[in-house]
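Trainee: I am new to this structure and would like to go through its contacts step by step. May we begin by displaying it?

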Amino acid sequence: MNILDILLQQSPALIVATPLLGAFLTPLIGKLGYNVRNIFIIIILAVTAFLVFLLASDVFSGNIHTYVFGGTTSTVLSNTVIRILFEVDGLSIFMAIITVILSLAAVIYSWAFMREETGQDKYYTLLLLMTTGMFGMVLTGDLFNFFVFLEITSIASCALIAFWTHKAKAVEAAFNYMVISTIGALFVLLSIAFLYGKYDALNIAKLASRITPVSFSFIDKLSLILLLAALTMKAGIAPMHMWLPDAYGRAPASISIILVGATQASLYGVFRICFTLYGNVIQIPEVSLGWIMVILGLITMLIGVFMAMIQIDFKKLIAYGALAELGYMFLGVGTGLTILSNPQLSLASNSFALQAMKGGIFHIINDALDVGLLFLVAGAVYYATKESSLNNLGGIARNMKYTTVFFLIGLLAVSGIPPMNGFASKLLIYESVYQLNPILAIIAILASIMLLAIMVKVFYSAFLGPKIDRFQDIREAPKSMLIAMGILASLIIFFGLFPDLIVNTLVEPAVKAITHPTSYILWLTGGV
Amino acid sequence: MLYLRRKVNKMIANIPFLAVMAMIIIGLATVVFKRNLIKMVIGVSIIESGVNLFLITLGYREHSVAPIYTASPGGIMSYPVPQALTLTSIVIGVAVLALMLSLVIYIYRHYKTLDIRKLGGGEE
Amino acid sequence: MFEQLLKTFDTGNGYWNPLVWGFAFLIIFLIIYILRGRGNPSYKRGTEQTKVFLSGNPEYENKELLHVKASNLYWGWVESTKWVINTLKKMHTGRANDYILWFTFMIAIFMLLLGVI
């Protein structure tokens, strides 16, 4: 076997292990110098990106990759699953691609953004640990392993939110985030303990094959409720979303972009629970999760845009915009779930369900890129002017031309204007949700228009306007920040010009993986 | 008489589960209703202890000994997997507690008060 | 091969093709640029005609006072939806107690909806 086949076989473990190794080597290599350490971290993330894309090229052709920690091939011993298993299907590798793009952009951005800060060794170590946690969350096939990686991600991200400890509000936001994360994770552990006590299995595939409509009872419902409530709180769905604007708004800009990825990994957890773990029982009429997801998505959207209209803090406003975009994802996937969970409606006659799920899942990567670009622009404006409130800014576009163009691209993308990628996913969501109930599509379009209004407000008050003397000699953002923003902007334009290509390559395997839970548990009978 | 005694024996085995429920509800009530930051941290710690207790209680079998093979006195052993899960959870709880307490120290340095209603007026 | 490439641009909805939009935008921009670039013969630079008119108000030296602040934009919208916005502002208190209270409230709502209680 050549080297590529060996790498492909070991890649699920290597994708998690490489940033972990980098995280622990960073303080050592940091002694050699600033540039050496940054180049080392970029090499580590480039190697991880290569492994992710190698694995993606194989998973997208239909195979599900499993990796057993402990080495041997057979892990089912007298109806008990022994070792910890990583199982990579279409949705997992989709989230891993998002994670690696966001981490690369954040590290390239931090090269210049964090140049004058102290404690950079700890910053980069925690950043790589957070990346490890996110990869572990999306690639794992074991519920308790998911809990451990969830805790790793929330601890690392909380320490990074409080990175500027001289700002009082950052520490307060980090404390709130930590309390919420811990209580959420503890309730996840409680429901994992319930499921383990009843079924004697921790592996997601094994549990999914044991939760059947015959054995569905009070304990399963209780576990579903606790898991759903805790993970949707971590994913920032209203009305438990209130930690999100504080945490995103007070963190350094390069951390906000990875926090977007961490929030979406928790959203991945919700989808994994609803579609795969309880895959055999979603047809029971008592489990009516579809409409719950749709209503919660709508409430999130409306709260996001209404609160964003009155904010005057640049990053907090974009954080409320990110909150509104989360509602779109929930709306799209919830529409698909309503049709899937109704045994009387067939999927063939209601093909809008698959279209809605495609739109919802495509929106995950679009939102990560758009909102990520907007956060990077906010960070660049803060770096140049040291002002974070929109009331004190004005006329910056004269000096920071490239940043203005990037903000324009982000503005068009977030509100769903045609040449950008936000339009493609939002059109899919509008068209399919309209066929479920017209009012949902009307509220979604209204939220999109209000997002356009909000971003135009930011553009006018920060970038346009007369020449202000205080900002006479601010300079353009440094090159590494421009390169990071350029990567995201070029991906946005590419996804917007060829949406069909992206939907067929990236999103279709993810939707196929999520609507066919039997293929996830197929390895149990195959014996791999 | 014997019938009642057997019933009491069976009900005594449920006391750890009642304790778990009590601890989780008391912990949640502490986090929701107390204003002092350190009391909120203690509340989170109580919830964590309750969940760990639940994990250990799941693995107990009646009249069982510790699941260690060397120098074992014989007889059935309790399940070892929940004990491993509990150890991991306790370690995670220690890290979380340390991080939360260090954040409380920073908040005290900035605001000079531990009352959560008086926070929020700090500089940017 | 070219036909296949063209087919990937089709979202199946007529003229929502992003490449068509970009191309049309380019053509229209060129037309407008050429037409407007021919100039306006009645424009005399440097006279009273070119000074800024602010409805008779004086033009300040400190240009920062001329710029509309961000908290004053969209005043009409904020005034007309004041009841929604004030309710939402009161909800977002910033305290961890209330966040966990919402969490237990949502657990209770889920329990009611899914038929546990």
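Mentor: This is a predicted model, in which local features need pLDDT of at least 70 and side-chain atom pairs count only at pLDDT 80 or more, while totals for chains, interfaces and linings use all residues. Residues are numbered from 1 along each chain as its sequence is written, and chains are lettered from A and ligands numbered from 1 in the order in which they are written.

Trainee: Which residues in α4(B) meet residues in α3(B), among them Leu37(B) and Leu58(B)?

Mentor: Helices are DSSP runs (H or I, at least four residues), numbered from the N terminus, as are strands (E, at least two). Two residues are in contact if their C-beta atoms, placed from the backbone, lie within 7 Å. On the α3(B) side, Val41(B), Ser45(B) and Glu48(B) also take part, and the partners in α4(B) include Pro82(B), Leu85(B), Ile90(B), Leu97(B) and Ile107(B).

Trainee: How many residues of the contact of α3(B) with α4(B) are nonpolar?

Mentor: Ala, Val, Leu, Ile, Met, Phe, Trp, Tyr, Cys and Pro count as nonpolar, Asp, Glu, Lys and Arg as charged, and the others, Gly among them, as polar. By these classes the contact has one charged residue, six polar and, for the class asked about, 15 nonpolar.

Trainee: Which element supplies the largest share of the side of chain B that touches chain A?

Mentor: The contact joins 27 residues of chain B to 26 residues of chain A. Both α3 and α4 of chain B supply at least two residues. The largest share, 14 residues, comes from α4(B).

Trainee: Which helix gives the most to the side of chain A that touches chain C?

Mentor: Here 44 residues of chain A and 38 residues of chain C take part. With seven residues, the helix that gives the most is α8(A).
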